[in-house]
Structure formats: C-alpha cells, structure tokens
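Student: Please take one part of this model and look at it closely. Then carry on from there to other parts of the chain, in one connected account.

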Amino acid sequence: MSYFFFSRKWVVLPAVILAAAVLFLLPRLFLRPEITGLDSLTAGPGDKIEITGRHFGRSPAAARLYAGNSTVTFSGIIEWEKNRITARLPRNDGAVLIRVKTRFGTSNGVILGDSERFPEVDYGAWLPGSPYIEYAEPAEAHPGSLVTFHGSGFGNRKGSGRIWVNRSDESSRLGMEEPDVRRYVEADVIELWSDTKVQFRVPEGARGGSAYLYRSGSFSNPVSIEAETPPGQVELGVPVQWSLRQEVVIDQIGAFPGNTLYLRVPVPHEGMGQGKAVVLYGPEAASVQPVRQDSGLTLYRLEELRPGESRKIERQMVVPVRPVRVQVDSSKLLRADSTHPVLAESLISDAWLNPKQVSQVASGAAGASWDSWRKSRALYNYVIKRLEWNAESPAATAAEAVKTRQGDSETYSFLFCSLARSLGVPARPVGGLIVLENGESRKWWWAEVWMEGVGWVPLDPALGDFADGILLPGGPSDKAEAAGYYFGGLEGRHIAFSRGIRPAGTQQPHPELRIPSGRYTLQELWEESSGNLESYMSFWPVPRVTASYPM
C-alpha cells in the first residue's frame, strides 16, 4: 500500500510541474509584444513617432518602451493602446533599436534612423518607395469639398496615381495594411498633383474615415478625413446587377483603300446609386480591339473598310444599380463652390443647352424660392405642368419646348437643366436607358442637380409626368404618386451612360465628324472618319438587357 502511494506521488508531481510550466510559457508565446511598423524611417530627439503592432498592453504602467538603451519616460508617452503607441523620441546618439517590453516578454526590435545624420531620402517616411501623407486639410469635408494632401513621394504628375476615400470600410486596420478598395470611392476630380501636394474634390458617396493615395503600385499611409454633418439624407436600396449587351454596327460602306474610322463607345457612368461597370469581351470581339479607354469612352479604330462588308463592335457589361431616395433640409444647405470645375461646366451654355433663352421663364417659375432645393422643385413642377409627352415631336431648343409644350424625355431633361442653370443651380442631363417591366430597355433621359454637401441628386421630370403611361417596378404605383417620387428618387431601373457631356478629342487633323441617330449619351465626339471613306451607315441600338440578378 505504501509502495502504491509512493509511486502515485512521483507520477502526479511531474504533471503538476509540467502544467505550471505550460501556464507560465503559453502567455509568453502568444501574448509577447510584436512591432509591425513605424510611421517614420528616421527621427530626431523630440520628434513624434508612431509604433504599430500588437500585445502592447492597455497602458505604460506595466510596460516599457525602449529607444536603444534608453527608456522612454511617462512624460514622453503621448498615447498607449494595445496595437499602437505614440511617443516622443528621447536624446540618442545615432540610430536606435525600438522595442516594447511587457510582463509577457520583449518584442522584436525595429531600427529607427537618426534624421540628423541620415541623408534625406527620395521617398516619404512611410515605407521605402511609397507615398507618405503628412496631413490633410481641411480635416472635415463633404462631397465636393476641395481637400489638400501634404507630404512626399506623390510623383511630379498624376500618371497612374489615384485617391481613395472611405465609403463603407468600418474595419480596424493596422497602418501597414492595404485598404479594400471595394469599400472606398475614387476621387475623379483632381485639381493639382505634385510630388509634395495633391488637391482633389471629395467624391460622391464618401463618408468620414480613412483616405489613401496610390502611386506606382503602393498605397500611402492612411489619413483621416472627418465628414461634416450633411444637409440631407441619401437612402440606397438593395442593388441589382444588370447584364447588358452593347453593339455598334457599320455597314453600307462606300470607300477606297486608305481610310480610317474612329468610334467612341460609352460605358455606363457610375454615380449616385450606380456602381462601376465591368466590361467583358468575348471571342467575337477579337477582330475589333479597343485602342484605349478615356473619360468613360472606349476608343475603337476601324481601318481599311471595304464596300459591301459590315463591321460590328459587340461587348457585354455588368453594372450594379440601387434604388435611390434623397431628402434635403433646405434650411441647412451650403453654398455651392463655384470653383469646382464640374459645377462650373454645369452652369454655362453648351452645344445642347442655352440657359439664356429661358432665364425670364425660369425666374417666373421659381417665384420667391431662394435656395437651390426649392428652386429645383419649382422648376421641376413647371416642366411637368408645361409639357405634354410626344415622342414623335421632340423640341430642338429649350425656348422651342416652352413654346410648343411638347417633347420626349430628352426635351423634359434639357428644358429642366436649362431653367436650373439660368438661376445658378448646377444641373446636367443624364443619358442612358430604363428597363421596362417586361425586361426591354428603352432610351431615356433624366437630370441631376447639385446640392452642396449631398452631391448630385437625381430627378426624372418625364416619368414624373407619367410619360407614355410608364410605371416601372419598384417605383410609384400610379400617376398621382409619380411627380413626388421622381423628384430626388429613382427606382433602380435607370442605367446612366453619360452625366453631362463626356469629353473627347480628335485623333487626326481635319476629320469628318458625325453624330449617330438614336444616340443615348452626350459626348463631344462619336464618329470620326478620314481618308477615302466616302460613305457609310452606323447603327447604335440601345444596349439590351440579357440578365438581372440581386447582389
């Protein structure tokens, strides 16, 4: 019996010792602090540095930060979090090894160079070869605001550089992690780009959070841009993916050798409620390859067209679209920034709109309305009351539309935009298609007005007037609801191909330019021919829907 007790004691005792050793060592294996990055490659005495990593502990009370052989005192600690430490560097002689020590062990060491001895490098203080944003101004902004990045390593020209602003990223990222750009929106208006300074307009759909600069395959460090309280609310519904088939056909050709035809084919134009389209090229497109993509237009070059042949451009595209509903508090509206280049273009006369022709009409229709939202509503109601639907008799000008009181969706859109611009409200026509209940697509025009702090707000005066008796699924249920619904709202079956005029330049001197019949966009150029191309016919049918599915 005593032998059994003696044996059991010698079995249990090692097990207890082993368990204690495991309990002692495990935290040191898995909770040992680790440094993953510094926000600067070099620093001098008194400079602020940011250390990112994990397992630093909640406070410096039970931990230590070392810069070489020196301990950073409590007065030098600015912030201490589990994954981030901000501190001021103590006096040292040369480069130092940055380490963090807790009760679970000492971290790996990261070298911090001495800025007083290191030569100035050709890249920012973020990562070698990556752009570095020192700060952004202003710290608070809204869609349309001009924001400036100050820093280094941006490049002397934009080139392939891009700006990404947070749209829906709520994750907590370590500083060195690349952002998921699917949750960000790209700034499409860049006003200045130099190696140390970039200016851009906050894009629609952006909200407060991180912003990044991307150049030469590298993201910058994140910088925070806080969102100002908007004067309105944007509600987006469940998105639907629309699959479209787009074609352009050239035939009835009369030509001799030595001819060229350039075509600029539009892709869907993303905006409020509509995401970026994906263009797919099948095997049948191998014979006609695009030259390049520019400003939402794909450039194609057709050479040596021959009599009797037919050429076709054919491609598939997928575009996500959401229902949109915008509510604006006119008492909180901000004044539009007249220096915004896109807004400036949306206030002037152009090849399609002449606000001066209808300025007196607009003043009478708006009455005592003084802010952009109330003016837009008054003009929208005027267009609906003034015009009657007539697809066979579109008006050539806004003044003619007022006189004849008839028109198609283009007439409704162009008249509204002309009236709005004459009163100083930025407005632009939107060209594209609507998807009918039976799945057929139909060429259509609507409009957008700019509300500072909110963005481009959609409205459809033609459907608001119950044009052609159209009721789209997801929209108003009857004529009585149509006018109210389509001021600031769309049902998710409008697909835009142009918002305003899509710019383009000619490819050759003194070409012959043509505008195709049945166009569903506004562009500076569609068709450009030269050489011995004496005649041809072009057909630009409205892209047809081939499938749809919820996301």
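Tutor: Start with the contacts of Ser441. Setting aside neighbours within four places in sequence, Ser441 touches Leu433, Ile434, Val542, Pro543, Arg544 and Val545. This is a predicted model, so read every value as computed from it. Ser441 sits in strand E31, which covers residues 441-451. One of the contacts is polar. A polar atom of the Ser441 side chain lies 2.6 Å from the backbone oxygen of Pro543. Now set Ser441 against Gly367. The two are 74 residues apart along the chain, and their C-alpha atoms are separated by 38 Å.

Turn next to a pair of helices. Helix H3 spans residues 359-366, and helix H4 spans residues 372-386. Their axes are 8 Å apart and meet at an angle of about 110°. Angles of 65 to 115 degrees count as roughly perpendicular. H3 is therefore roughly perpendicular to H4. From H3, the contact uses Val361, Ala362, Ala365 and Ala366. From H4, it uses Ala378, Leu379 and Tyr382. By class, the contact of H3 with H4 has seven nonpolar residues, no polar ones and no charged ones.

Now a sheet. Four strands make an open sheet in the order E11-E13-E17-E16, with antiparallel pairing. Strand E11 (132-137) and strand E16 (190-193) are the edge strands, and each pairs on one side only. From one strand to the next, the twist averages 20°. Look at the E16 end. E16 pairs with strand E17 (residues 197-201) in the antiparallel sense, over three bridges. Trp193 has Val198 of E17 as its bridge partner.

Go to the E11 end. Pro138 lies in the loop between E11 and strand E12 (140-141). The peptide bond joining Glu137 and Pro138 is cis, with omega of about -5°. Most peptide bonds are trans, and most residues other than glycine have a negative phi.

Ser295 is not a glycine, yet has a positive phi of about 55°. Ser295 belongs to the loop between strand E24 (290-294) and strand E25 (297-303). Its relative accessible area is 38%, so Ser295 is partly exposed. Arg405 is not a glycine either, and has a positive phi of about 65°. Arg405 is found in the loop between helix H5 (398-404) and strand E29 (406-407). Arg405 is partly exposed as well, because its relative accessible area is 40%.

Asp169 is placed between strand E14 (162-166) and strand E15 (184-186). Under 20% relative accessible area means buried. Asp169 has 10% relative accessibility, so it counts as buried. Apart from neighbours within four places in sequence, Asp169 contacts Arg183, Tyr184 and Arg207. The side chains of Asp169 and Tyr184 form a polar contact of 2.9 Å.

Next, strand E4 (residues 64-67). What does E4 pair with? E4 runs antiparallel to strand E8 (residues 96-102), and four bridges join the two. Ala67 has Ile98 as its bridge partner in E8. E4 also runs antiparallel to strand E5 (residues 70-71), joined by two bridges. Here Tyr66 is partnered by Thr71 of E5. E4 and E5 form a hairpin with two residues between the strands, where Gly68 has a positive phi near 70°.

Finish with a second open sheet. Three strands stand in the order E21-E27-E33, with antiparallel pairing. Strand E21 (232-236) and strand E33 (489-490) are at the edges. Each has a single partner strand, so one side of each has no neighbour in the sheet. E33 runs antiparallel to strand E27 (residues 324-328), joined by two bridges. In that pairing, Arg325 is opposite Gly489 of E33.

Definitions and conventions. Residues are numbered from 1 along each chain as its sequence is written. This is a predicted model: local features need pLDDT of at least 70, side-chain atom pairs count only at pLDDT 80 or more; totals for chains, interfaces and linings use all residues. Side-chain values use heavy atoms; hydrogens and water are left out. Two strands pair if DSSP finds at least two bridges between them. Axes are lines fitted to C-alpha atoms, for helices over the stretch in contact, and angles run from 0 to 180 degrees between N-to-C directions. Angles under 35 degrees count as roughly parallel, over 145 as roughly antiparallel, 65 to 115 as roughly perpendicular and the rest as oblique. Contact means heavy atoms within 4.5 Å. Ala, Val, Leu, Ile, Met, Phe, Trp, Tyr, Cys and Pro count as nonpolar, Asp, Glu, Lys and Arg as charged, and the others, Gly among them, as polar. Buried means under 20% relative accessible area, exposed over 50%, partly exposed in between (1.4 Å probe, protein chains only). A polar contact is a pair of N or O atoms within 3.5 Å; within protein, one must be able to donate a hydrogen and the other to accept it, and residues adjacent in sequence count only if both atoms are side-chain atoms.
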